[in-house]
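Dear colleague,

I am handing over the structure below, and my notes on what was found in it follow. Please read them with the structure open beside you.

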Amino acid sequence: MTTGLSKRNSRAQAWFVFSFLAPPVALYALFVLLPTINAFRYSLTRWDGLSDPVYVGMRNFRSFLAPGSDFIPAIQHNLFLMLVPGVFILSLALMFANMIHQRIKGAKVFRIAFFFPNIISSVAVALLWMLIYSPTKVGLLNHFAAIWFHRTQPVPYTESSRLLTSLVPMTVWSATGFYMVLFLAAMENIPETYYEAARLDGAGPTTLFFRITMPMMWEVFTTGVIFLIIGGLKYFDAIWVLENGRPKTATHTMSTLMYSRVFEQYNIGYGTAIAVLLFLLVLIVTVVSRRLLQREALEY
Amino acid sequence: MNAAANRVFTGIKYFLLSLYLLAVVFPMLWVLYTSAKSTQEMYRNPLGLPDLITHPSAAHMAVFVENYRKAWIGSHFSDYFFNSVKVVGISLALILLLGSMAAYVLARFEFKGRGVIYTLFMAGLLIPMQLILIPLFFQFSDMSEWLTRMLAPPVRSMGFGELTISLHDSHAGLILIYVAASLPFTVFVLTAFFKTLPAELREAAMMDGASEYRTFFSVMMPIGKPGLVTVAIFNFLGLWNEYLFGLVFLNSDKLKTLPLGLASISMQAQYKSDFGLLFAGLVIAMAPALIVYLFLQEKLTKGITVGAIKG
């Protein structure tokens, strides 16, 4: 974009570019890039945060696989919280998006309302469900169990042994609207003529969905899957709040384990190694799925 | 398909959609109307409407007011609320300013290193907050020490007493992280946006004798408003609800933001079995973001899908 005008003022322009880039780049380098590099360094050490760190190579990463390691159950919980709610979220979101896409009355109301839970902070969502699940007389679910099924003993749905299962409906409730809006936007980008042509050929709603809608929105659907996987890998807030900041082996995820190891046991090397692994997993998921997508795009 | 089968289909569709609508909206309504109940009323029937609605009276009104008074004043919810307003407000202003400066230059100027800088920003989209959390914690200690060493002597010599700078347990520290961590997404969206603006705009402004700076602030920024609004809404929701960084970097109760304050109130309320406080607190915490959403929902859903579909 070098015009005759700007060439004459090239020094002034160079200064302008520098002065506009320097503050954001400096801030970003200092508070994102530098800590990223340091995370890799810390992950190779044993360090209590006070004395000098000791270089231990890959020992932190190897200890993830050691017998009795807390890390294995933690990553299993991440997988659980990604897969089980994920299946419900994707199915419900696709189903509702497809229903609303068919130009029904009140579409706007459903679209706006379904998105509500996504607006509320994860801490508020966790507390809202804590109240629904509460074993005290305030708890709605135990109230229903008592009046409909004559259950006399309240069930402590949020105690550690049941917490992960109880998080499934909560996660579905809070996330489905986002994916529905995402999928609906993709569906609305599909030209109406495709559907009209297929209908003339006698295609029913099921055929339309699998032969036109899904293939046409495949890229956005895959993006949704990546979001769900990354969200599952990072899972932290709800568990932290519902366990009052003291998750146990039965409820730890990678992020909560990282927090506990660093800020409660002062095992900074180990905790940072978890963060590094989390980052690598996010990276692999994103890069691999992008590659797969590109290949599919070439095949068509 | 015949008309009867079609009607059945439509019926099922509406039934399922309405059922889910109820599942989404009812828990929020339940929190809202339960916040007008006393703990005794909740114990009597957790599902029923509050006496305030069924038998309106001054006494029942007092229960309602008391719950909110306890939350807003007694439990410092007003502090949490204004802390959130302050931290998120300042962060947003800086994010929009710095993000659009970087994006404008990256989108509209040719210079050496442009590709590298853009790639570095885009790499940030892949970095989870968890990765930088721990190193930042220790980096903050070093930086605070360094800043104090640099700035304390001149301040002392000017007669203002001892100066100690700490980025830990301070809004400034949290804001710096929020701004830096929000830049990749902001730069990504705004660069794409500035690229779509016609080149003639800048040339025309410069012909009129405006400097590059003036061109940016009085021509480009106003035209860039739709892009800025999208980015602002997206960042607002993320930061307004942010929990993990606040948890690590804010310790003093008087500095806490809403999500942190809500979490600590919940422990107090459960300990004292004061559920009125908890329900009222939840309403205060949920309401602002929901109201912002209702007013800006079209722009917001567009912003989110733009981010997701292009990302």
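Across the interface of chain A and chain B there is 1 salt bridge, a term that here means a side-chain nitrogen of Lys or Arg within 4 Å of a carboxyl oxygen of Asp or Glu. It joins the side chains of Lys108(A) and Glu298(B), at 4.0 Å from N to O.

This is a predicted model, in which local features need pLDDT of at least 70 and side-chain atom pairs count only at pLDDT 80 or more, while totals for chains, interfaces and linings use all residues. Residues are numbered from 1 along each chain as its sequence is written, chains are lettered from A in the order in which they are written, and side-chain values use heavy atoms, with hydrogens and water left out.

The contact (heavy atoms within 4.5 Å) takes 95 residues from chain A and 96 residues from chain B. The area buried between the two chains, that is, the accessible area (1.4 Å probe) that both lose on being put together, summed over both, is about 8800 Å², and carbon and sulfur atoms give 81% of it.

Over all chains the structure holds 13 salt bridges. In one of them, Lys70(B) pairs with Asp274(B), with the closest N and O atoms 3.1 Å apart. This pair links distant parts of the chain, 204 residues apart, since Lys70(B) lies in helix 4 (residues 58-74) of chain B and Asp274(B) in the loop between helix 13 (258-271) and helix 14 (275-310) of chain B; helices are DSSP runs (H or I, at least four residues), numbered from the N terminus.

Finally, between chain A and chain B there are 14 residue pairs in polar contact, both residues being at pLDDT 80 or more; such a contact is a pair of N or O atoms within 3.5 Å, where within protein one must be able to donate a hydrogen and the other to accept it, and residues adjacent in sequence count only if both atoms are side-chain atoms. Helix 2 (residues 10-42) of chain A gives the largest share of the side of chain A that touches chain B, 22 residues.

With best wishes

Notes. Helix = DSSP H or I, 4+ residues; strand = E, 2+ residues; numbered from the N terminus.
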